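Here's a quick briefing on charged side-chain pairs. Have the model open while you read.

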Amino acid sequence: MSDRSGTLSTRVYWVSTSLLALAMIGAGIQELRHAPDLVEAATGLGYPEYLLSILGIAKLLGVPVLIAPQFRILKEWAYAGFTFDFTGALISHTIVGDPLEVTAPSVVCLVVLSISYVFYRRWRDSRDGLTRQTASSS
């Protein structure tokens with residue numbers, strides 16, 4: 001039974017992380033391009049246009065860290081960075097009174113990020129448990 005739940009946890013982790021990675025690649029590219037709708041949104045929230053470049057680079061750097069199985073400490077920072085990005089966007093849009101369809105992407109990304117993180121921890125802990133068991137039985 002635990003093998004089945006481990007497999008399910010691994011699948012949920014990889015599906016949620018892959019969805020998040022794809023979304024962040026798309027968003028990062030659009031931010032680096034300074035897509036007109038993003039420039040309008042950023043300036044409408046009171047942010048300078050150059051912030052899009054910073055966010056785009058950060059997202060594109062965060063994606064491989066989330067996907068790579070190593071880099072545990074960097075991975076925790078990437079999860080934190082994405083959390084700051086999504087909560088900042090959600091709060092900013094809410095403060096200026098943007099409608100739900102504008103704030104919804106931030107909420108969806110936060111949910112997917114949360115699922116990815118919870119199942120990353122389960123996946124990592126199960127891998128570590130197997131590694132410790134294998135090392136102690138040798």
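Predicted model: local features only at pLDDT ≥ 70, side-chain atom pairs only at ≥ 80, totals over all residues.

Residues are numbered from 1 along each chain as its sequence is written, and side-chain values use heavy atoms, with hydrogens and water left out.

**Overall count**
- Searching the whole structure turns up 4 salt bridges (a side-chain nitrogen of Lys or Arg within 4 Å of a carboxyl oxygen of Asp or Glu).

- Glu31 and Lys59 pair up in a salt bridge at 2.8 Å, N to O.
- Since Glu31 is in helix H1 (residues 2–33) and Lys59 in helix H3 (residues 50–67), the pair ties together parts 28 residues apart in sequence; helices here are DSSP runs (H or I, at least four residues), numbered from the N terminus.
- Both Glu31 and Lys59 are buried (under 20% relative accessible area; exposed is over 50%, partly exposed in between, with a 1.4 Å probe and protein chains only).
- A network of salt bridges links Glu31, Lys59 and Asp85.

**Glu76 and its arginines**
- Glu76 forms a salt bridge with Arg121, with the closest N and O atoms 3.6 Å apart.
- Glu76 lies in helix H4 (residues 72–95) and Arg121 in helix H5 (residues 100–137), so this pair ties together parts 45 residues apart in sequence.
- Glu76 also meets Arg124 in a salt bridge at 3.5 Å, N to O.
- That pair links helix H4 with helix H5, 48 residues apart.
- Glu76 is partly exposed at 25% relative accessibility, as is Arg121 at 32%, whereas Arg124 is buried at 14%.

Methods. Helix = DSSP H or I, 4+ residues; strand = E, 2+ residues; numbered from the N terminus.
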